[in-house]
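User: I'd like to learn how to read a model like this one, feature by feature. Could you walk me through it?

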Amino acid sequence: MTLVTLNDILPKAKKEGYALGAFNYADLNTARGIVNAAEETNSSVVLQIAESHFPYPPLRIGGKFALDLAKHASVPVVVHLDHDTDIKTCIEALKMGFSSVMLDFSLKNIHENIVGTKKIVEFAHDLGASVEGEVEVMTHDGGDGKPDYSNLIDNYTTVSEAKKFYDQTGIDAMAISYGTVHGIYRDKPILNFNRLNEISHAVPVPLVVHGGSGLSDKEYRNSIKNGISKINYYSVMSFNVTKGLRKHLDSKKLNRYFYTMLTQRLLD
Ligand SMILES: [Zn+2]
């Protein structure tokens, strides 16, 4: 059994100055690929599914599959519910055996965010699971045209917000906003490493970056140096898989293969 919680792996990463990769799966083969890659590199990994991906594998299927993968993996695996906006779903995942959840009440006011997150922390801790919380909204770069990242600066998490959020919820890991955005970057993000550093000294829990895919190696290293212990990575991985599939499907060779396969199926 190699199912672990964020508490089993992130504090060590924070102390030793590295970060854990947290990868989303929107289909079962991707989940398998993530665990295979973690085993090949002998790394602990956070295998996570987000509420927005439930139209593909629903929680009951995607969750059970991930828990089974974790059980048989040769490396420690956290099975984590990412960005869930419904307390009931968080509780369902925890009852199912998820070792970690993230309640995302960041769109609500900080008081509601604290009350909801605290409730989940109490429930999760009773079951021995961990909780990630988010303070301040992480923007999504999914619209048309170039976003103006300088507009985001006013929404970066402040030290006092982070401290208040930690003190009043008892969360195990905190996602903060310091300039990253979800989705594909269409411009260079403006990362505030000073703010990140100040927050990492003000709260004892490991910090999480969302919108981690698309940053440069230097930005990853600086993020880790200034307090990031978990890197959420999805969009670029997902786009690259789609691009690769398109390329293969466009190749004549593969079309012939599929044609043969399909006609054989029909004839069988
Ligand atoms: Zn996220």
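This is a predicted model: local features need pLDDT of at least 70, side-chain atom pairs count only at pLDDT 80 or more; totals for chains, interfaces and linings use all residues.

User: What should I look for in the backbone angles?

Analyst: Most residues other than glycine have a negative phi. Here His 83, in strand S3 (residues 77-84), has a positive phi of about 45° although it is not a glycine. Asn 42 is another non-glycine residue with a positive phi, near 50°.

User: Where is Asn 42, and is it buried or exposed?

Analyst: Asn 42 lies in the loop between helix H2 (28-40) and strand S2 (45-50). Asn 42 is exposed, at 64% relative accessible area.

User: Let's move to the whole fold. How many helices and strands does the chain have?

Analyst: There are 10 helices and 10 strands. To read the fold, follow which strand pairs with which. Eight strands close into a barrel in the order S1-S2-S3-S4-S5-S7-S9-S10, with parallel pairing. From one strand to the next, the twist averages 25°. Helix H6 (residues 159-169) packs on the sheet, where it touches S5 and S7, and its direction makes about 150° with that of S5.

User: Which strands does S7 pair with, and how many bridges join them?

Analyst: Strand S5 (residues 130-135) runs parallel to S7 and is joined to it by four bridges. Two bridges link S7 to S9, again in parallel.

User: What about the two faces of strand S7?

Analyst: Both faces are covered: Ala 173 and Ala 175 point to one side, Met 174 and Ile 176 to the other, and all four are buried.

User: How do I read the nonpolar core?

Analyst: The general idea is that, in soluble globular proteins, nonpolar side chains tend to be buried together. In this chain the largest nonpolar core has 56 residues, and Leu 47, Leu 81 and Met 174 have the most contacts inside it. A second, separate core of 13 residues includes Ile 9, Ala 13, Val 46 and Val 208.

User: Which residues is Met 174 in contact with, beyond its neighbours within four places in sequence?

Analyst: Among them are Gly 133, Val 135, Ala 162, Phe 165, Tyr 166, Val 203, Val 205 and Leu 207.

User: And which totals describe the chain as a whole?

Analyst: Buried residues account for 46% of the 268 residues. Of the contacts between residues at least 6 apart in sequence, 71% join residues at least 24 apart. The accessible surface is about 13,900 Å², and carbon and sulfur atoms contribute 54% of it.

Notes:
Residues are numbered from 1 along each chain as its sequence is written. Side-chain values use heavy atoms; hydrogens and water are left out. Buried means under 20% relative accessible area, exposed over 50%, partly exposed in between (1.4 Å probe, protein chains only). Contact means heavy atoms within 4.5 Å. Accessible areas come from the Shrake-Rupley method with a 1.4 Å probe; for residues, only the protein chains shown count as cover. A nonpolar core is a set of buried Ala, Val, Leu, Ile, Met, Phe, Trp, Tyr and Cys residues joined through side-chain atoms within 4.5 Å. Two strands pair if DSSP finds at least two bridges between them. Axes are lines fitted to C-alpha atoms, for helices over the stretch in contact, and angles run from 0 to 180 degrees between N-to-C directions.
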